[in-house]
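Reader: I would like to check some labels against their cut-offs. Please show me the model.

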Amino acid sequence: MAAGAAAGAWVLVFSLWGAVVGDRNVTARIGKPLVLNCRGAPKKPPQQLEWKLNTGRTEAWKVLSPQGGPWDSVARVLPNGSLPLPAVGVQDEGAFRAPAKQTRSTYQVRVYQIPGKPEIVDPASELMAGVPNKVGTGLAKGGYPAGTLNWHLDGKPLIPDGKGVSVQEETRRHPETGLFTLQSELMVTPARGGAPHPTFSCSFSPGLPRRQALHTTPIQLSVWEPVPLEVQLVVEPEGGTVAPGGTVTLTCETPAQSSLQIHWIKDGVPLPLTPNPVLLLSEVRPQDQGTYSCVATHPSHGPQESRAVSVHIIETEEGPTAGSLEGQGLGTVALALGILGGLGMAALLIGAIIWQRQRRQGEERKTPENQEEEEEEREELNQSEEPEAAEGSAAGP
């Protein structure tokens with residue numbers, strides 16, 4: 001409280017009377033008067049009381065004398081050698097060299113402007129564990145120099161790590177006043193099982209010595225852990241095997257939620273297709289082969305990916321369709337039966353020819369044998385008739 005009261009009194013003095021300084025480093029608030037004194041100046045004639053300055057209003061060192069000049073509306077050298085600046089601006093930052101030879105002082109003037117109390121705009125209402133969430137955007141307007149915005153979690157500095165905590169900053173400068181507007185957007189990924197009610201705040205540091213940081217009003221958010229989505233991928237025909245030119249249907253089955261968006265991935269690369277739970281691969285070609293999966297995205301759950309399935313093509317010699325495959329199988333069977341039938345007929349024909357040959361040869365062999373048998377039979381008959389005749393003659397008278 002004492003420091004705040006002292007700062008308020010100091011600002012009041014600047015506002016009403018300006019600042020009369022003799023130090024080499026000078027800090028003044030934008031829009032307030034400032035007086036630079038020149039010690040030893042009365043010993044000089046008034047026409048020799050010249051200040052040299054190099055600020056944002058000049059391109060190099062310029063001379064400002066009591067006789068006036070282009071700075072009459074901004075500053076004029078007083079007869080006592082002092083240089084009053086009615087309202088300090090960003091353009092007045094720079095070096096002022098006093099005319100007194102005894103001092104040879106060069107004053108470095110810096111200006112500042114404390115912005116209004118920073119605030120958090122567009123704060124989140126709640127956070128979800130395990131996924132990135134936007135906490136809010138810290139905003140500080142009308143400060144000079146730019147300063148910095150810093151985030152805090154439960155009163156402790158929050159350091160961006162690019163993983164669970166990230167900050168996107170933007171700095172804009174007003175083209176006329178030169179004042180800065182700072183913007184800092186905070187993204188966090190709460191850990192599962194972490195604090196259920198974290199408190200966030202943002203602070204603005206002016207970047208000037210002995211200037212305290214300004215803090216926003218803290219916000220307390222709730223963290224909830226969603227139930228993971230169950231995403232299943234069904235492929236038809238089963239196994240994902242199809243003939244060239246066939247059709248494969250991939251269906252991403254998820255809980256019935258209208259806000260779900262289904263995207264498809266092939267070989268680890270997202271496919272540039274409109275979100276759809278069904279992926280139809282008609283007239284499958286070799287380039288359609290690969291590994292497919294689907295990703296279901298919900299605003300409150302984040303993305304959930306299904307298991308991967310593979311699509312393969314069966315290599316065939318003829319027609320690509322199922323009907324042609326069946327016809328090809330029947331043709332093959334008919335061809336085989338024809339070949340077997342031809343072989344059977346050839347075998348029968350050959351067998352008949354061989355049998356006829358063997359029969360002829362048998363008959364040719366059988367004819368002389370029969371002649372020999374007949375002669376033998378005749379001889380036997382003759383021999384049997386001779387004893388009978390002898391017996392008959394012996395039994396005569």
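Reader: Which residues does Val121 touch, not counting residues up to four places away in sequence?

Author: Val121 touches Gly136, Thr137 and Leu139. Contact here means heavy atoms within 4.5 Å. A word on the ground rules. This is a predicted model, where local features need pLDDT of at least 70, side-chain atom pairs count only at pLDDT 80 or more, and totals for chains, interfaces and linings use all residues. Residues are numbered from 1 along each chain as its sequence is written, and side-chain values use heavy atoms, with hydrogens and water left out.

Reader: Why is Val121 called partly exposed?

Author: Buried means under 20% relative accessible area, exposed over 50%, partly exposed in between (1.4 Å probe, protein chains only). Val121 has 24% relative accessibility, so Val121 counts as partly exposed.

Reader: Why is Lys266 called buried?

Author: Lys266 has a relative accessible area of 18%, so Lys266 falls under the 20% limit and is buried. Lys266 lies in strand β23 (residues 261–266); strands are DSSP runs of E, at least two residues, and helices are runs of H or I, at least four, numbered from the N terminus. Leaving aside neighbours within four places in sequence, the contacts of Lys266 include Leu271, Gln287 and Tyr292.

Reader: What makes strands β9 and β11 a pair?

Author: Two strands pair if DSSP finds at least two bridges between them. Strand β9 (residues 119–121) and β11 have 3 bridges, in the antiparallel sense. Val121 stands opposite Thr137 in β11.

Reader: How many bridges join β11 to strand β15?

Author: The count is 9, and the two strands run antiparallel. Gly138 stands opposite Ser184 in β15. Strand β11 (residues 133–143) is mostly covered, with 8 of its 11 residues buried.

Reader: How many aromatic pairs are counted?

Author: The count comes to 1 aromatic pair. Rings of Phe, Tyr and Trp (its six-membered ring) pair if their centres lie within 6.5 Å; planes under 30 degrees apart count as stacked, over 60 as edge-to-face and the rest as tilted. The rings of Tyr144 and Phe180 have centres 5.8 Å apart and planes at 20 degrees, so the pair is stacked. The pair links distant parts of the chain, 36 residues apart. Tyr144 and Phe180 are both buried.
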